[in-house]
Amino acid sequence: MRYFIIFGLFLDVYSLLNSGKLGYYGMTDEDFFALPKLQQIIPLTAPDTLLLDAAIFQASNEARRKNGIPIFNYDFSLYLSSSNHARSMIVNNFYNHRNPYSGFERTADKRIELITKRFMRTAENIGQYQTLITKQWFGAHWDSQKRRYEYIDIEENIVCQPYTYADYAHYCVSKWMESKPHRANLLNKQYTYLGCAARLSPAPYQERRAPYGRLVQNFGGEK
């Protein structure tokens with residue numbers, strides 16, 4: 001498991017340093033969400049993970065700004081801890097703040113301290129949210145030609161489509177904002193640093209359940 005952690009961290013570092021996408025975190029949320037690529041539908045079998053991670057971060061800052069609270073600073077260490085936990089939840093198929101598969105990453109505190117010890121206070125939000133736009137009730141139909149499930153809006157008899165990058169980020173943050181403890185973390189002025197990650201279903205369209213994402217926010221405060 002230790003090798004899995006280290007290799008996963010290496011991939012995140014390598015991807016970020018070679019993608020030119022660190023600039024996403026230096027933008028305002030308004031400028032970021034004005035980028036045309038944010039309006040693209042997420043290709044669930046091959047998502048742009050770095051773009052999606054940045055969208056979750058920027059949507060979080062948008063929520064802070066609209067509530068009159070100073071925005072988060074991006075922190076690479078918190079990004080690594082959040083992305084590693086999101087990946088672990090997908091690969092090992094669990095959904096919990098506690099990681100039952102790695103003693104090194106058992107709790108959020110351990111996951112963050114594995115990478116950095118500079119924060120006096122930390123917190124974590126996690127979420128599991130569907131990546132398709134559906135109503136409360138929808139159907140799943142196996143398409144034998146495409147060899148995959150399609151998810152049908154029963155009322156209108158149309159195939160449900162994935163969110164765009166922007167819409168999915170806003171949807172996920174809105175769900176956290178509807179939850180009192182998650183909202184408290186997002187709007188806590190003592191947390192000034194943030195790292196966000198979203199990892200999606202490993203085999204979308206191959207299960208009757210709709211594709212989903214598992215998301216992590218790691219918060220840090222130096223005082």
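How much space lies in the largest pocket? In this predicted model, the largest pocket holds about 230 Å³ of space. Its lining is made up of 14 residues, and those that lie nearest the centre of the pocket are Pro47, Thr49, Arg199, Leu200 and Ser201. Helix 3, helix 4 (76–91) and strand 6 (193–200) each supply at least two residues of this lining.

Helix 3 also takes part in a helix packing. Helix 3, which spans residues 49–66, packs against helix 6, residues 165–177, at an angle of about 50°, and their axes lie 8 Å apart. The two helices are therefore oblique to each other, and the crossing in which helix 3 passes helix 6 is right-handed. On the helix 3 side the contact includes Leu51, Leu52, Ala55 and Glu62, while helix 6 contributes, among others, Tyr165, His170, Cys172 and Trp176.

Definitions and conventions
Residues are numbered from 1 along each chain as its sequence is written. This is a predicted model: local features need pLDDT of at least 70, side-chain atom pairs count only at pLDDT 80 or more; totals for chains, interfaces and linings use all residues. Side-chain values use heavy atoms; hydrogens and water are left out. Axes are lines fitted to C-alpha atoms, for helices over the stretch in contact, and angles run from 0 to 180 degrees between N-to-C directions. Helices (H or I, at least four residues) and strands (E, at least two) are DSSP runs, numbered from the N terminus. Angles under 35 degrees count as roughly parallel, over 145 as roughly antiparallel, 65 to 115 as roughly perpendicular and the rest as oblique. A crossing is left-handed if the near helix is turned anticlockwise from the far one by less than a right angle, and right-handed if clockwise. Contact means heavy atoms within 4.5 Å. On a 1 Å grid over the protein atoms alone, a cavity is a set of points where a 1.4 Å probe fits but cannot get out, and a pocket is an open set with protein on both sides within 12 Å along at least five of seven lines; lining residues have an atom within 4 Å of a point. Grid points are joined across faces, edges and corners, and a volume is the space filled by probe spheres set on the points.
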